[in-house]
Amino acid sequence: MIASLLRKEIRQHWPLLTITAMGVLGLFGVMYLGAELDESVSHPFELLQRMALIGAVILSMVVCNRLVVLEYQSKTQLFLEALPLTRAWMVAMKYVFGAAYVVAICGMIFALTSLLAVTFEELTLRHAGIVAMRTFSFVLMVYTFFFMMGLLGRYRVAIYILLFFCFAFYTQYTSRSASGVPVFDLIMSSKFAYERIIIPWSQLAITWGVIGGLLTILFSMALVREGTVASMMAEKMSYQEKVFISCLMLGISFFVGIFVERLESEPFELVGGIEASEGPATVTVDGIVGESTAGPIAERVVSAVADFAEFFGYETLPAAFVAFRADLDADKYEQGLSTDADSIVVRVNMSDEGWDEDEFISFLVRDLQLAQSKRLSHLEPKIWLSDGARYYWAAQAADPLVDVEKLRLRAAYAADCFDATCPDRWLQLNDKVGDDIVSAIAFVGLEYLAEEYGKDDCHAFLRDVLSNRVPDDFRGVVHDGLNSMPGLMKKHFNTSYDSFCEDWVARVHELAEERAAELQSISRITGQVSFESISDESRSLTWDVEVSPPADVFELRYRRLEGFEPRSGKRRAESLRYPRDTQGELEDTFTIGDRVRTTFSTRNDVLGCEIISGWQNLTVE
Amino acid sequence: MNLLRKELRSLLPFVWLLVFLAVISAIMELFEVPYSDTLDKLLSDLSATENSASWFIIVLAMTTGLLIREYDQRTLEFMDSLPLSRTRIFFTKCLAVLVVLLGMTLVMWCVEILFLKLGDDSFTDGRRHWTALLVAIGLDLIRMYVMVGIGILLSFFRRFGWLAAGMVYLLYRLVHPHVPELETVNIFRLTDIQVVAQTIVIPWPMIAAQVVLGTICYLISWWLFHSADRMVHGYRNLSLTRFGSAFLILGSIGIGITVFGILLLIGMDQETSETPEVSSTTAVYTDWGLSRASSDHFRFSYRSSLSERATKLIAASDEVHDKVVEFFQTSSGPPIVVDATSKMQRHAGMAEWNTVILDLNTSGEMENLKAVLGHETAHVFIDRLTDAKLRNIFSSIRFFHEGLASYVEFHKFDPSSDIENYYRTCAYMRDNENIEFEQLVNDGEFRRWQDTNAVYPVGLVFIEALLEQYGPDSINKVLSAMNREKMPEDLVGMAYWRDVMQAAGFNLDTVIGAFYSRLDELVDDRREWLDSVPQLKGAVRQNEWWLCIIPILQKMDDQPVELAETDEEAEQSADQDVGKGTGNADDEEGADGEEDEAVSEAEMAGQSGDWQVFCRFRQRASSPDSHYRNVRIDEDGEFCVDKSDYPGNVVWYQLGLRHDDGTRLYKRWREVSLHE
């Protein structure tokens, strides 16, 4: 009877199965030719690897569709069940027939690739055996899966979609890769073609375990309730049912990935660092500079940061890691990479002679503040508060960390650039005068508020705006919208924002008048950048700069802007000497349409900071 | 109108699905850090292939039953009895689908623009932003139009439509490397946004080709629906029979293979016509028999024609192996299989798991072959010590892999090429601010701007810095950290290296600092040589058909250098000195077409002392090395390419200098937009 059934299956399906087999073998031929042309395959077994992935799926889908899906859809299995053969034998016979077909075709491909491999190396039985075990275990697993899915009838497509999205989210939202799953690693491993010694027993055991599980499920579905379950599920889905199921599956799969355990990377750690903690503040300084240097730095910095946290009412602060970088200048600080929101990394050169710990602390606390409250880094009308708050706090400290007179001088230096509209265009002001000077202007604004309305009110104002109690998502957006600067000014100082801005400008101009003589001696850097044609479309960048009174060294900084961002791109700098390099030409060339951002800069010792000529965004024409 | 309402009603489930997706997406955005969206990010998301693929699947699902359902459910006869023409029915159905999809697209864009505008500041150029957004939306809508057309046509194939779509895609992937012009009809590329001067480069040829393609699909579908009932019914009946299904599958596969074969031949013809004539030929006797031999640690297979060379190498192989083992402070392990039968275009050697592929034709010098074997054996041991895990994140560790193997090659062996060339390359790059560690750990970004083979010298210097900073055990500690259990598998780039270094007990910042310090040392030590390297600039000129790069050489005293014709000696020298890189097998886009380069370098015009200029081009930043086009200089002293070879409307070019001693220096890649 079994033989008769086998003959029936062959007679019924041989054309399609033959064509499919020819197609898969043809595809193998095509891939072989393509691989030969591209030199993209280093070993013939890599072709087997690819074909096992593709061929197993195609062959299994076709044969299972013929043996299972069509049989149950057209309900001809009822006829078979009427024969003197148990349902279990009938299903088993179909399974074995299909498996033999799939294994046979894959076996042909294996044989062909083995023949090719013999020309490549001395192919040992063990090597061939390992490859064969991997290949056929995977192929059988795929076939069994599709056989089982065939019994799910009209829901199989929906479940395919569900599994696809579940897998996609699994790999995306966890830290595991697809090849990390043992059943896939069997076929996707980079060792597939080359592992000649070690048999992957654990992966094989898992794969065969999966095959066993799938067999149990499929036989259960085929046999339970005399096979009526499979028969009912084989009926075609309506159009609306298809879409509904798809939506449901998609929605479920979105949430699957959220609850799967992630493999987290270790929290950031500065190996060999000297850690100091006080209150919510934790600072770790790189121990590579020596414990005698790092230790006192850590203690002093953490004490300052703790005071800063208390001043602004921060109950928590990100941990600060201070890493040493010998290639940085003493007054250059870089933000390093931290992988979590609970820490920041700053790179400095604290062993350099010019290292200024107070200046560094002022920089660090601002970084901590910005890390604590991300939305502030994008809200232009309120950025000035963040810029000025660090200096305001530093000036209020029992042992001031900043020279207030220098800050006032910096602000006075930029008086010509500052008007009442600037707070709303703070980033543009920053572009004109640079970070240090713009922070000084912000400090003067806060100083004015403190003098005019009282330190307590100013302190409360800063704590209100710079607090970290509001979440950094849409709730923060709503909160910021409801607490604009005019409203906050009214609330804390009972004054209008516009009049505050005018008073602020007046204060800065007043400082400029008082220090006019001193300002005369401070260098100002002005420069002109232009583009000279070297071909129809290419331009070279030339400059003409004046530093008056002269300074020894200055820089031309420029960035190539990409996309639409006004301040993106890697910063490049040409170090120049005055007066030798007052005019010059960059080695770099630019094409019509390129966007370039440039400024000249130099360090001024009187102001104790960098001054710039002002960033310009230019389009090459 | 009633018909349109009826069609829209039947599409309601899909509308709900799309609304669901849009709502989920919007909710997820609400809980992200606000103001994080930028216009560039938005355009980048649109350009992602996953975006196009997702939409294509949705479109296929929507269009699958649009027309065919009427046949299968036999409602078409009922509709025929109504005072409605088939044309009108067809038009209404298409309109319904387009209304839903285009409408949802616009809604999703509105949501994205809303979130985008939250992040506006005083720098935001509203006019440019809105212009760019309108262009991007336009491209998205055109893409949808084309996808719906294709989907409707495929729907007539019923379940074979998905198979047909898959086959077309597979064929495209196989043929495209040989026929780059095919990209014009790639619907997934239409929304690949290119921005130049804050303006989106509109790919007019691509738009025209794809709109025509989409319209043809609509027209064919209309004809089938309007006039080909018998054909549609016949197809349906055919697909239900055994022989019919077999015929359809065979026919599909046959057509696919035929089309592939034709296109492949076209591609091969093009490659043949572009290959410059080589003045000398190297004969390889491929019909020589295969020989095998083993040493204690290797199993060699090689061509009998090179048996003498192979035998010497085999005799020295165990010594090579022992040196590598000693360096890695590890044990021998199973024998390494060496395939020395290959003649590789782009590599002297490659390595896979426990396997080395070697080209014995590279060199007749035994020391050089030993060095190559040592390099590749180092790759094998790196794989062993990390259990091949590095293959999964090769982009983040390529410089490390190649640098470590190069370190072994130069410090343990005596290759014919000089390590000084490597140091000079690094010094030149550092002096020109072309080395950033953040870029090095992202190979795609590195290749975008730099010569892909620069990872060898730069990686070698990194290894030297690591060893100097943390001692001889540092390499093994790093490899152990890379191979540790429960290491997160999705870390890439800086995050990966931070994690690895920390697990190894090191600080990444310290290593980076040491790396830059080492580079600065190389610059200081070679200051005089660096000052002797002429400055090289490229000027662009283009007309309707050609894009040309004009190399401009200047000495340090700013005096321009006249480009002169190459003399015969330089030609011969360039022909003989076909230097090849060694590579890891995953480094499949290793050294580019060295032979092409040698030929074009031989024919380059222009010498500044012993320096020669060359130029190469590519279609896009992500183009693999095998697609780079080395171009010979013309009589006007320019490097010119045919603009029709670049359907994406941008061209990338890279100028370089080559010294007679073999040193190659590359400028950064530059992008140029094409226009008339």
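Analyst: In helix 21 (residues 493-503) of chain B, the buried residues are Tyr496(B), Trp497(B), Arg498(B), Asp499(B), Val500(B), Met501(B) and Gln502(B). A residue is buried if 20 or more other C-beta atoms, placed from the backbone, lie within 10 Å of its own, exposed if 12 or fewer, and partly exposed in between. Helices (H or I, at least four residues) and strands (E, at least two) are DSSP runs numbered from the N terminus. This is a predicted model, in which local features need pLDDT of at least 70 and side-chain atom pairs count only at pLDDT 80 or more, while totals for chains, interfaces and linings use all residues. Residues are numbered from 1 along each chain as its sequence is written, and chains are lettered from A and ligands numbered from 1 in the order in which they are written.

User: Which helices do the buried residues of helix 21 of chain B pack against?

Analyst: Their partners are helix 15 (394-412), helix 20 (474-482) and helix 22 (508-525) of chain B. Contact here requires C-beta atoms, placed from the backbone, within 7 Å. After helix 21 of chain B comes Gly505(B), with a positive phi near 90°.

User: Why does Ile207(B) count as partly exposed?

Analyst: Ile207(B) has 17 C-beta neighbours inside 10 Å, and therefore falls in that class. This residue belongs to helix 10 (residues 204-227) of chain B.

User: How is the packing of two helices described?

Analyst: Two packed helices are described by the angle between their axes and the distance between the axes. Helix 14 (residues 404-413) and helix 20 (residues 497-514) of chain A pack at about 100°, with axes 8 Å apart. Axes are lines fitted to C-alpha atoms, for helices over the stretch in contact, and angles run from 0 to 180 degrees between N-to-C directions. The two helices of chain A are therefore roughly perpendicular, a label for angles of 65 to 115 degrees.

User: Which residues of helix 14 of chain A meet helix 20 of chain A?

Analyst: Arg408(A), Ala411(A) and Ala412(A) meet Val508(A), Leu511(A) and Ala512(A) of helix 20.

User: What order do the strands of the open sheet in chain A have?

Analyst: The three strands are ordered 6-7-10, with antiparallel pairing. Strands pair if DSSP finds at least two bridges between them. The edges are strand 6 (524-533) and strand 10 (583-591) of chain A, each pairing on one side only. Strand 6 of chain A is joined to strand 7 (residues 538-548) of chain A by 10 bridges, and Val529(A) stands opposite Trp543(A) in strand 7.

Technical notes: Parallel < 35°, antiparallel > 145°, perpendicular 65-115°, else oblique. Contact = placed C-beta atoms within 7 Å.
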